[in-house]
Amino acid sequence: MKITQYLPFIIIVMILSAHLSCNISEDTVGRGNIGEGPDIEGCPVFPANNIWNTPVDDLPVNLHSDEYIVSIGTEKYLHPDFGSGTYLGAPIGIPFITVNALQPSVTINYTAYGAESDAGPFPIPLSAPVEGGDEGDGDRHVIAIDTDRCVLYELYRAFPDREGNRWDADSGVCFDLKSNDLRPAGWTSADAAGLPIFPGLVRYDEVASGEIKHALRFTVSQTQKKYVWPARHYASSITNEAYPPMGQRFRLKSGYDVTGFSREVKVILQALKTYGMILADNGSSVFISGAPDERWNNDILRELRSVTAVNFEAVDVSSLMVDEDSAEAK
């Protein structure tokens, strides 16, 4: 038989092999068991026992909780950093796309943190949406999920080069969504805390379903020169222990009254009570991250602004840690 008869199969194998550049084990290729955790198009967003997906409503309060809240600003209000439409010409939130195993891989040229990044190429099309829009000059996160292999790809400060051949990015990572593996200790990711971004985003479909099954990602303006599990990296020179470290978990106090809020906001507030939020980057204080979606009602989301930092408390999650180098939670 002629070799041309095998070309479609050969091409698929070559594409899948190119996707293994992130040191994803061959044994993990394919979809895993979603279990009770969150999912994206049939892929688990990390195992159900991952720290992102573990409730913290019964855990003790961190000894530095009051100091952290004061340093953040007790009257700083919860801000939904996502929505519908545009702000200053750009979609509101951190966008993501899904791709399949046939998506061609693109070379990644690292411009800042290459030594702490995963080598490309990544199956992220050069047309992928960029946080802040094509002309944005902020964090410019780009996120893609290969839903055939359940692998998450994330870039920070990503720009498609003018010739259309590659991404130029400060840093880039890939995560096996079926694994609890963390980045090497001390390494950054596409986020300052060295954590994945996607699992902490508020997604419209989750809210519409009536339940968010994971912690949320959030930022504050000043952090401590320290990181705590599950974070792997800090981005500060402040040694004052009154400031929260990267990776610190916070939750909305159990007694906070959510009656009177719209249904969508109640879902978000309940997630903040049950799963809390993880400090992942320096930025505006008490901004929670989500994906842009034209189905969001921005007026309803603004109800979150009535919730202030004083209504939160820092949580001690140390009792959940199985291994400091794993995101598995007891």
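1. A cavity, as the word is used here, is a set of grid points where a 1.4 Å probe fits but cannot get out, and its lining residues have an atom within 4 Å of a point. Please keep in mind as you read that this is a predicted model.

2. Three cavities of 30 Å³ or more are counted. The largest cavity has a volume of about 50 Å³.

3. Which residues line the largest cavity? Its lining is made up of Phe46, Asn50, Trp52, Phe175, Asp181, Leu182, Arg183, Gly194, Pro196 and Ala327. Sorted by class, six of these are nonpolar, two are polar and two are charged.

4. The second largest cavity holds about 50 Å³ of space. Around it you will find Ile69, Ile72, Phe218, Phe250, Met277, Val286, Ala309 and Phe312. This lining has eight nonpolar residues, with no polar and no charged ones.

5. You can find alanine 235 in the loop that runs between strand E13 (216-220) and strand E14 (249-252). Is alanine 235 buried, partly exposed or exposed? Alanine 235 counts as partly exposed because its relative accessibility is 34%, and that class lies between the cut-offs of under 20% for buried and over 50% for exposed.

6. What does alanine 235 touch, leaving aside residues up to four places away in sequence? The contacts are Ala192, Thr223, Met246 and Asn282. For methionine 246, the C-alpha to C-alpha distance from alanine 235 is 8.0 Å, and the two are eleven residues apart in sequence.

How values were computed: Residues are numbered from 1 along each chain as its sequence is written. This is a predicted model: local features need pLDDT of at least 70, side-chain atom pairs count only at pLDDT 80 or more; totals for chains, interfaces and linings use all residues. Side-chain values use heavy atoms; hydrogens and water are left out. Helices (H or I, at least four residues) and strands (E, at least two) are DSSP runs, numbered from the N terminus. Buried means under 20% relative accessible area, exposed over 50%, partly exposed in between (1.4 Å probe, protein chains only). Contact means heavy atoms within 4.5 Å. On a 1 Å grid over the protein atoms alone, a cavity is a set of points where a 1.4 Å probe fits but cannot get out, and a pocket is an open set with protein on both sides within 12 Å along at least five of seven lines; lining residues have an atom within 4 Å of a point. Grid points are joined across faces, edges and corners, and a volume is the space filled by probe spheres set on the points. Ala, Val, Leu, Ile, Met, Phe, Trp, Tyr, Cys and Pro count as nonpolar, Asp, Glu, Lys and Arg as charged, and the others, Gly among them, as polar.
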